[in-house]
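Trainee: I would like to learn how to read salt bridges and helix packing in a model. Please take me through some cases.

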Amino acid sequence: MRPAPPAQRSSAQQQPPSGEADMETPLKSLSHVPWRELRDSTGSAAEIPELLGAITSEDADTAVAALARLRDRICQYGFVVDQATAATVPFLWELAQDSEVACRVQILQLLKNIADARQWESTAVAYPKLLNRRENYVGWEREARQAVRAHRGDIGGLLAESDGELVQATKELAAALTD
């Protein structure tokens, strides 16, 4: 059984404007990610597309709640990432740039947490056997950090926003990406 497609704000969002049919946005490409094969903190990452879709809700409480549930799945405790985290990052970047998304500041904070994640890498220094496990925690963590860094070109547009809290969260994320 496949999860329901993510909620959309309007039919205009579902159909690209004429002449832009070739441009595919990350949220439209959710189905290209093998979510059922990826793992998050709860097991299967199959529900991640539904959570990402719920973040686009016009109801701020719904969006914030969906982001909180997503955070628990891909960056538990604010620093422990899982296999599905890197695949989720491009969608988070897109949502952070969408002025209609109610929880953009929290999305940027989540991206910063992912960029700062070094839990498994630090643990592997003390316990190198961690590197020999079937689950590649250290690799997942590195891939997630790299996925955040791959979109650092999007920071300029966010810094130009008029929302002071959003700009501050963007500055904090940018600082995390300078190392």
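Mentor: Start with a salt bridge, defined as a side-chain nitrogen of Lys or Arg within 4 Å of a carboxyl oxygen of Asp or Glu. Here the side chains of Lys112 and Asp116 form one, at 2.6 Å from N to O. This is a predicted model, in which local features need pLDDT of at least 70 and side-chain atom pairs count only at pLDDT 80 or more, while totals for chains, interfaces and linings use all residues. Residues are numbered from 1 along each chain as its sequence is written, and side-chain values use heavy atoms, with hydrogens and water left out.

Trainee: Where do Lys112 and Asp116 lie?

Mentor: Both are in helix H5, four residues apart, which is about one turn of the helix. Helices (H or I, at least four residues) and strands (E, at least two) are DSSP runs, numbered from the N terminus.

Trainee: Which parts does the salt bridge of Arg73 and Glu47 tie together?

Mentor: The Arg73 and Glu47 side chains meet at 3.7 Å, N to O. Arg73 lies in helix H3 and Glu47 in the loop between strand E2 (43-44) and H2, so the pair ties together parts 26 residues apart in sequence. Arg73 is buried at 10% relative accessibility, whereas Glu47 is partly exposed at 45%. Asp40, Glu47 and Arg73 are linked in a network of salt bridges.

Trainee: How are two packed helices described?

Mentor: By the angle between their axes and the distance between the axes. Axes are lines fitted to C-alpha atoms, for helices over the stretch in contact, and angles run from 0 to 180 degrees between N-to-C directions. The axes of H2 (residues 48-55) and H3 (residues 60-74) come within 7 Å and cross at roughly 145°. The residues of their contact (heavy atoms within 4.5 Å) include Leu51 in H2 and Leu67 in H3.

Notes:
Buried means under 20% relative accessible area, exposed over 50%, partly exposed in between (1.4 Å probe, protein chains only).
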